[in-house]
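Colleague: I'd like to learn how to read the contact between two chains. Could you take me through it step by step?

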Amino acid sequence: MKIEINKKLTAENDMAAEDNRRLFLEKGVYVINLLGSPGAGKTSMLEALIPVIDDLKLAVIEGDLYTERDAERIERYDIPVIQLNTGGICHLEAAMVAEALKELDLDNLDVIIIENVGNLICTASFDLGEDNLITVLSVTEGTDKPEKYPHIFEKSDLVIISKIDLLEMTDFDIIKTKQNLELLKKDMRIIELCSKEGQGVEDLVSFLKSRYSCKQNP
Amino acid sequence: MHEMSFMAEAFRHINSAAIQHQLQYVNKVVLVLGELTCVDKNALEFAYIVLSKDSIAEGAELVIKLIKARAYCEACGDLFVINHFSRICPACGEKDIKVISGYELYLAEIEGIEKR
């Protein structure tokens with residue numbers, strides 16, 4: 001006999017993500033899922049961001065395969081940080097984030113940034129319940145990355161082109177990259193950023209603040 | 001290797017349907033996979049071999065139906081197949097397109113033999 005099933009294979013994660021999303025909405029917390037290759041500069045960007053975003057109460061969830069290196073870097077800034085170790089899994093899943101949320105005082109937070117495992121492939125396939133996806137692309141990775149990994153970029157609400165201070169030392173074609181990103185998503189938001197010198201950090205702060213206030217006054 | 005966790009979820013549905021319909025065994029499993037999902041067909045097949053062993057679907061045929069990425073242009077109404085990268089309407093060059101297929105990833109149906 002033939003039995004029709006028609007069930008999504010991401011249903012379990014999607015349900016957990018919806019639970020997270022409901023909780024974030026109830027608590028008025030704006031949440032970012034931060035993506036990018038290993039070494040793109042995700043943690044460095046957070047280190048540049050945290051000191052200048054002091055009027056929003058921020059927490060960070062750090063996803064990593066095994067180590068606590070990133071969480072240790074963020075802890076120095078005296079904000080709540082939770083380390084999630086995936087034990088070798090290449091992406092965070094919504095249920096893992098739900099566990100981390102139990103350790104955060106959501107009533108006393110405005111923004112949570114979830115730094116996903118460094119990976120340009122499957123991280124975007126797993127909804128965590130976030131409001132926005134931000135992907136960091138460093139100039140040292142090369143112009144072709146949006147073409148090679150379209151899935152992650154087309155889902156992103158903001159792309160950060162990082163290590164912009166190294167632009168002249170690479171053959172990264174910033175105009176072509178921007179054109180390619182716009183091919184994937186109409187009106188893609190792009191910020192050029194240098195965590196070391198602080199260029200672009202204010203733009204990122206404005207983006208987060210405006211999205212945070214949109215969430216408070218929909 | 002997220003294919004393994006997707007296939008594990010497929011097996012949860014297969015097992016509960018088999019119990020509900022009192023199947024003795026399952027002889028066919030049909031999955032639908034869109035080409036924009038970043039899920040690899042070969043890795044799914046490998047996960048199936050591993051997870052079907054000693055299960056109700058051991059030895060059952062696996063069919064993976066691949067779905068092309070298609071889009072609809074909001075501006076000119078053209079319906080077209082998109083390549084993996086560009087999201088521009090080939091007819092009018094407009095970017096206002098709506099992807100209508102390519103993100104599918106689901107267990108469509110199973111076939112099995114009922115217990116006597």
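Colleague: What is the area buried between chain B and chain A?

Modeller: The size of an interface is often given as the accessible area lost when the parts come together. Here about 2800 Å² is buried between chain B and chain A, and carbon and sulfur atoms give 63% of that. Buried area is the accessible area (1.4 Å probe) that two parts lose on being put together, summed over both. Bear in mind that this is a predicted model, where local features need pLDDT of at least 70 and side-chain atom pairs count only at pLDDT 80 or more, while totals for chains, interfaces and linings use all residues. Residues are numbered from 1 along each chain as its sequence is written, chains are lettered from A and ligands numbered from 1 in the order in which they are written, and side-chain values use heavy atoms, with hydrogens and water left out.

Colleague: How many residues does the contact take from each chain?

Modeller: Chain B gives 33 residues and chain A gives 29 residues, with contact meaning heavy atoms within 4.5 Å.

Colleague: And how many salt bridges are there between chain B and chain A?

Modeller: Side chains of opposite charge can pair when their charged atoms come close. The count between these two chains is 2 salt bridges (a side-chain nitrogen of Lys or Arg within 4 Å of a carboxyl oxygen of Asp or Glu). A:Glu12 forms one with B:Arg12, with the closest N and O atoms 2.9 Å apart. A salt bridge also links A:Lys2 and B:Glu109, at 3.9 Å from N to O. A:Lys2 sits in strand E1 of chain A and B:Glu109 in strand E6 of chain B, so this pair joins two chains. Helices (H or I, at least four residues) and strands (E, at least two) are DSSP runs, numbered from the N terminus.

Colleague: In which sense do strand E1 of chain A and E6(B) pair?

Modeller: Strand E1 (residues 2–8) of chain A and E6(B) pair in the antiparallel sense, over 5 bridges; strands pair if DSSP finds at least two bridges between them. Within E6(B), B:Glu109 stands opposite A:Glu4.
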